[in-house]
Amino acid sequence: MINQETKTINIITSESVTVQDMINSIIELDKHVINVLEEIAVDKLNRNKDSRILFLKNIHDINVNTIIQFSFQTESQNKLTDKDWLKRRLPHLSSSIDSYSDISKYAFQKNRHIFNQILDNLILNYFFEFETKVRNIVRSIKNLENPYYNPKNKKSTLYLKGSEPFGGIRKGLFENHLNLNKKDYEVIGIYSAIRNTIHNSGFYFSPDSKNSNYIYRTINYVFEHGKPISFFTLEMKFNMMKDLLTLFKNIINHNKVMKIEKVNDLSAEVKFQ
């Protein structure tokens, strides 16, 4: 049995990370996406606008857009120390801007918030794309049994429709249908918990008001209800996103999923004028 380290949330720690560190990490992620695109047979999936290939394409776009956002912000961050520049763009806040005795403090805090916001959006967008495309896969599988079907509940259905809580999809698709090992998709649990903290400004709030434990990469992470997390380092963030990509690759390369003629994606049918 593997010895597991336990990390709890008691002390808030900080790490020294540059914007270039983040950009380099995204570039490495995007190389991974491009490699996966090159490994799978994309011609037919491309023609059909299949959800499996759209996931990879959308993630690639998200990576590139985030790199550009970071670059723009880095190249323009000194503008935030220019009161006249700020007032031209925020005329309704002119008096407040004039009142700052040390505009550099405002610039530092604002830049840090913007950079964190860009990175948080990257993390959330990865999971949004993953969840959306997995639900599409579920909808493309006929008679995929609902693991939580309850005949006494009129709203409960025998087969998954793709709109159920993700816990049911995870069990019905990953565990029961594809027979994946729990370790193969352990990233889902901790990713969901991290998403919870992002939505709550860095604090974890459990639906049942209790602490939660998630094992990820042999470490048992403890999320304490109502407390901030201290272990979410840059390395961990990018490990999670890479593991999510690997999981999706394993799903679409599974024999049962490869046999699906087409995984419909409604977003591919939207036409913009």
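**Reading the calls in a predicted model**

Trainee: Why is Phe127 called buried?

Mentor: Its relative accessibility is 1%. The cut-off for buried is under 20%, so Phe127 counts as buried. This is a predicted model, and the values are computed from it.

Trainee: What makes Phe127 and Tyr191 an aromatic pair, and why is the pair called tilted?

Mentor: Rings pair if their centres lie within 6.5 Å, and by this rule the count comes to 16 aromatic pairs. The ring centres of Phe127 and Tyr191 are 5.1 Å apart, with the planes at 35°. Stacked needs planes under 30 degrees apart and edge-to-face needs over 60, so at 35° the pair is tilted. Phe127 belongs to helix α6 (residues 103-139) and Tyr191 to helix α8 (residues 186-199), so that the pair links distant parts of the chain, 64 residues apart.

Trainee: How do you know whether Tyr191 is buried or exposed?

Mentor: Its relative accessible area is 1%. Buried means under 20%, so Tyr191 is buried.

Trainee: What kind of aromatic pair do Phe130 and Phe174 form?

Mentor: Tilted again: the centres are 6.4 Å apart and the planes 55°. The distance is within the 6.5 Å cut-off, and the angle lies between the limits of 30 and 60 degrees. Phe130 is in helix α6 and Phe174 in helix α7 (residues 166-177), so the pair ties together parts that are 44 residues apart in sequence. Both residues are buried.

Trainee: Which aromatic cluster holds these rings?

Mentor: One cluster is formed by Phe55, Phe127, Phe130, Phe166, Phe174, Tyr185, Tyr191 and Phe248.

Trainee: What does Phe130 touch beyond its sequence neighbours?

Mentor: Leaving out residues up to four places away in sequence, Phe130 touches Phe55, Phe166, Phe174, Ile188, Leu244, Leu247, Phe248 and Ile251. In the largest nonpolar core, which has 69 residues, Phe130 is one of those that touch the most other members, along with Tyr126, Ile137, Phe174, Ile188 and Ile251. Helix α6 gives this core its largest share, twelve residues. A second, separate core has seven residues, including Trp85, Leu86, Ile103 and Tyr106.

Trainee: Which residues of α7 are buried, and what covers them?

Mentor: The buried ones are Phe166, Gly168, Ile169, Gly172, Leu173, Phe174 and His177. Their cover includes α6, α8, α9 and α10 (255-258).

Trainee: What makes Lys171 and Glu175 a salt bridge?

Mentor: Their closest N and O atoms are 3.3 Å apart. The cut-off is 4 Å, so the pair counts as a salt bridge. The two residues are four places apart in helix α7, which means a separation of about one helical turn. Both are partly exposed: Lys171 has 25% relative accessibility, and Glu175 has 25%. By the salt-bridge rule the count comes to twelve.

Trainee: How do you know that the salt bridge of Arg195 and Glu131 ties together separate parts of the chain?

Mentor: The side chains meet at 3.3 Å, N to O. Arg195 lies in helix α8 and Glu131 in helix α6, so the bridge joins parts that are 64 residues apart in sequence.

Trainee: Why is Asp243 called buried?

Mentor: Asp243, in helix α9 (residues 234-252), has 18% relative accessibility. Buried means under 20%, so Asp243 counts as buried.

Trainee: What makes the link between Asp243 and Tyr216 a polar contact?

Mentor: The side chains of Asp243 and Tyr216 are joined at 2.5 Å. The limit for a pair of N or O atoms is 3.5 Å, so the distance qualifies. Neighbours within four places in sequence aside, Asp243 is in contact with Val187, Tyr216 and Arg217.

Trainee: What makes the charged end of Lys237 sit over the ring of Phe232?

Mentor: The distance from the charged end to the ring centre is 5.2 Å. The limit is 6 Å, and the charge must also be within 35 degrees of the ring normal.

Terms used. Residues numbered from 1 in each chain as written. Predicted model: local features only at pLDDT ≥ 70, side-chain atom pairs only at ≥ 80, totals over all residues. Heavy atoms only, no water. Buried < 20%, exposed > 50% of the residue type's maximum accessible area, 1.4 Å probe, protein only. Polar contact = N/O pair within 3.5 Å; in protein donor to acceptor, adjacent residues only side chain to side chain. Contact = heavy atoms within 4.5 Å. Phe/Tyr/Trp six-rings, centres within 6.5 Å; stacked < 30°, edge-to-face > 60°. Core = buried A, V, L, I, M, F, W, Y, C linked by side-chain atoms within 4.5 Å.
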